[in-house]
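Please look through the sequence and the model before reading on. The paragraphs below go through the structure one part at a time.

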Amino acid sequence: MSMIALLFAAAQPPHAGHVPPPALACTPDHAAMGHCTMPEPPAASPPPSSGCTAEHAAMGHCKSDTPSAEVADPHGSHDNPPGNEAAPAPPRVDAADTIFGADAMRGPRERLYAEHGGGKFSKLMIDEAEWRAGQGSDGYAWDAEAWIGGDIDRLVLKSEGEGAFGGDFEGGEAQALWSHAIGPYFDVQAGVRQDFGPGASPTHAVLGIEGLAPYWFEVEGALFVSHKGDVTARFEASYDQRITQRLIAQPMAEADFAMQNVTETGVGAGLSSIELGLRLRYEFVREFAPYVGVVWERKIGRTARLARSAGEDASRPSFVAGVRFWF
Amino acid sequence: MTRMIDRRALLAVGGAAALAPWLPLWARPVSLGLPTVSGTDIRLKIAHRMLTIDGRTSHAIGINGTIPGPLVRLREGTTARLHVENALDEDSSIHWHGLILPFHMDGVPGISFPGIAPGTTFTYEFPVQQSGTYWYHSHSGLQEQLGHYGPIVIDPAGPDPVEHDREHVIVLSDHSPMHPHVIFKKLKQMGGYFNRQKQTLGGLIAGEDQTLGERLRWGAMRMDPTDISDVTAAAYTYLVNGHGPQDNWTGLFRPGERVRLRIINASAMSIFNVRIPGLKMIVVQADGLNVRPVTVGEFQIGVAETYDVIVVPEDRAYTLVGETSDRSGMARATLAPRAGMTAPVPPLRKRPLATMKDMGMGAMGGMDHATMDHGAMDHGGDHGAMKHSMRDMDLAPTVKDTPAVQSISPMAVDRTGEAGQGLEDVEDALTYRDLVALDRNPDTRTPSRSMEIHLTGNMERYMWAFDGVKMNAVKDPIPFRLGERVRVTLVNDTMMTHPIHLHGHFFELVTGKGDHAPRKHTVNVQPGGKVTFDLTADAPGDWAFHCHLLYHMHAGMMQVVTVRAPEDAA
């Protein structure tokens, strides 16, 4: 290695790695290196106005100049406004290539740039994995979201669904979305949604938005177009109210809309259903929090009439208990 | 002289340690000082080891078997030759923080050199042209968090203007049993993951922290006033010379001695407020360069800064307290005339809350945030920035509008006259304006141009960048002509303090000290504030420039500064 240092010194004769600017006089640094001679004794000389040297003050023999006092010096650079010379054109970052060779530097340089800001990460959040107790048989429900990717572009997977213990699976869905950050707080998401469960299981195109709204509301909205051309939409919002550092109340609301009647799924045009929930969770650790809560699902308007005519309740309150976890 | 003192100190400490040789190192009542390496050929070996802190063992990286690594003791005017062997199974490096040297000896893989491959040795060789307290650390990945750091002391060629009878090197750092990659992943998954001091409904009912109205206004801006430190005592134990608070590293002295403490903040993420209850500290050096002595009761030390202080203790024990700026935890050590003595450890003080000034509403900053009413904000200016738009990109035309920009400080002000977060109420705390260089500045020319660099971030996505562009998205470096003098203003558009470090150079803070401006290699830029310095670009080559909060740098708050002779700059 000393060979390389020598080579570099040879390549840059004056002072390897430390060439003083032309206008700069002999600095103590350079004098110390033997590169020049200081016109006057370097360093350590106390300001002439004060008889108090550093060591004396340190020994408590005297009080040094009050440091907040401005140092008057007509030659100080700080008294004049800077000039308005233009910045130079940026060169390539390649100085080390002349020492170690471009081949040796290429990989490390690429890794350096990629590593500082270009990382890929992932998260799987099971927001709801719960037991629902209401009128009739007890049921279960889940709601989960995962992402993998960088800060700006991510693959997002979502799934939710519910069913009855020992009874029918009521339905669920899975979405695969490309997510792109459009600002500090919001992502646009586009992809597909596949419904599954009894009856019709349409496939939808999805265009949505997800992010953090003012007042710390987590919000999510999406427009769905089924393969049959039915257009529906969904809006969700939730809020974390910290009661203590670990006990958190989370109110949430969801509303579903349809542009038209969708007979296969028993949905009527307009606002079709709402869901309100309040869950109280305790974060043993951030990643693991059991909760209890209440959920009220209510079908609205024509959708409610369709439900009633099919012998179902349009209003369904439940007590819920479950666990939220992520990693 | 220093050498004799060393021996005296070693004898004293060695005698005490001999009292309890059967105890594991961490449990000894008086901790040994760090081993010292010096001479013309210094050998350092980077290797994995286990580290036990306060009785808990975890994986770490040591140098020559210790954490921190050995004290590298150099002498001004000599040539340093350091043979660094990498015994890890991944690339490594050592950067000599604050040292003026040829760029290819600076130790940043991808900028100064290719790095040190596993099983190989790289020899650093450079003339030692300065004296003072510095440090070294890995610039590869997140190794620094694992213990890959150590102190450097360079003795002056001539007499030391700072006279002292004894010295102790105090390396402050943070250690977590959690792997740094996991820490970074958690931050990406949830920016506030480690904050266990958020505001709560319980607190509101108890009348603590912000009022309901304030909480609503801050909520409207999606700003969390408790967001002081990204990684807190929830993950960290804070160390003094590699010892946790219970291990209680103890430095000995004889009553009445002038004890020089060379304090280095080698943390990955922790900004400390340092004090020694019962002792005044005379600050004599900042970032390795002497300053006119100034007596303080407490000072904030940003990551990678160093301060040398002189204390004159009496015949009693003292606790050295390094309280993190978010006050979630502390580093603790003892200074005592005899082994086994301790002094009371003060409890953690209440954590500070960020204010409007920390959001860059400088002109409002003088107002008590608790009494600030909404109307005052609307009267603040013509532009919409005062009306909840914390992100008016027109105010910062050089900043690229990206998701990495959560806010733009509408009225960033010079905060070098303030001691830093958590020290608002401490009257005798050091500020940058208290620092005056002991030596006349080597270059006093008026800068020929000026530039502004914005520190930007997004806590929700955990993105950090200069001017809104993360390093992985950067197209061009920040160019300087060799020898030119430039006035640089750092504008903090975030609500966190950023210790900003430029490799290979000292710069003069513009704080009204004329040709005795304090010269630094790392400067803390307070939240919503700005710092101006004059830089003489006198070191040709490519240099790293970054926030020294490790995970901010890793998230992209880094750039390359090029210094080229004018004819080379194409």
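How many bridges join E26(B) to strand E31 (residues 541-547) of chain B, and in which sense do the two strands run? The model is a predicted one. In this model 3 bridges join E26(B) to E31 of chain B, and the two strands run antiparallel. One of the residues involved is Ile500(B), whose bridge partner in E31(B) is Cys547(B). E26(B) also pairs with strand E29 (residues 522-525) of chain B, through 4 bridges and again antiparallel. Here His501(B) has Thr522(B) in E29(B) as its bridge partner.

The burial of this strand can be read residue by residue. Strand E26 covers residues 498-502 of chain B, and 5 of its 5 residues are buried, so the strand is largely enclosed by the rest of the structure. A residue counts as buried if 20 or more other C-beta atoms lie within 10 Å of its own. On one side of E26(B) the buried residues are His498(B), Ile500(B) and Leu502(B).

Strands of a sheet pair through backbone hydrogen bonds, either parallel or antiparallel. One open sheet of chain B is formed by 5 strands in the order E1-E4-E9-E8-E6, and its pairing is mixed. Its edge strands are E1 (36-38) and E6 (95-97) of chain B, each of which pairs on one side only. On average, neighbouring strands of this sheet are turned by 30° against each other when direction is ignored. Within the sheet, strand E4 (residues 71-75) and strand E9 (residues 149-155) of chain B run parallel and are joined by 4 bridges. Arg75(B) has Asp155(B) in E9(B) as its bridge partner.

Strand E2 (residues 42-53) of chain B can be followed to two partners. With strand E5 (residues 79-86) of chain B, E2 pairs in the parallel sense over 5 bridges. In that pairing the partner of Arg43(B) is His83(B). With strand E3 (residues 56-63) of chain B, E2(B) pairs in the antiparallel sense over 8 bridges. Ile53(B) in this case has Arg56(B) in E3(B) as its bridge partner. E2(B) and E3(B) make a hairpin with 2 residues between the strands, where Asp54(B) takes a positive phi near 50°.

At the level of domains, the assignment for chain B gives domain 1 (2-178 + 235-336) and domain 2 (353-570). Contact between them involves 34 residues of domain 1 and 38 residues of domain 2 of chain B. On the domain 1 side, the elements that give two or more residues are strands E15 (281-286), E16 (289-296) and E17 (298-301) of chain B. E16(B) gives the most to this side, with 6 residues.

Now turn to chain A. Helix H5 (residues 102-115) of chain A has 14 residues and reaches 20 Å from its first C-alpha to its last, close to the 20 Å expected at 1.5 Å a residue. Its buried residues are Met105(A), Pro108(A), Arg109(A), Leu112(A), Tyr113(A) and Glu115(A). Why do the buried residues of H5(A) line one face of the helix? Seen down the helix axis, they fall within an arc of 165°, so they line one face. These buried residues pack against helix H4 (97-100) of chain A. The face of H5(A) turned away from the buried side carries the exposed residues Asp103(A) and Glu110(A). Just after H5(A), Gly117(A) takes a positive phi of about 115°.

The last stop is a place where the two chains touch. Phe121(A) is found in strand E1 (residues 121-134) of chain A. Phe121(A) has 17 C-beta neighbours inside 10 Å, so this residue counts as partly exposed. Leaving aside neighbours within four places in sequence, Phe121(A) is in contact with Lys185(B), Lys188(B) and Gln189(B). Within chain A, Phe121(A) and Gly150(A) are 29 residues apart in sequence and 6.2 Å apart in space, C-alpha to C-alpha. On the chain B side lies helix H2 (residues 180-189), whose buried residues include Pro180(B), Ile183(B), Phe184(B) and Lys188(B). The cover over the buried residues of H2(B) includes E1 of chain A together with helix H6 (550-555) of chain B.

Note on methods: Residues numbered from 1 in each chain as written. Chains lettered and ligands numbered in written order. Predicted model: local features only at pLDDT ≥ 70, side-chain atom pairs only at ≥ 80, totals over all residues. Pairing = 2+ DSSP bridges. Axes fitted to C-alpha atoms, helices over the stretch in contact; angles between N-to-C directions. Expected span 1.5 Å × (residues − 1). Buried ≥ 20, exposed ≤ 12 C-beta atoms within 10 Å, placed from the backbone. Arc of directions from axis to C-beta. Contact = placed C-beta atoms within 7 Å. Domains from an automatic or database assignment.
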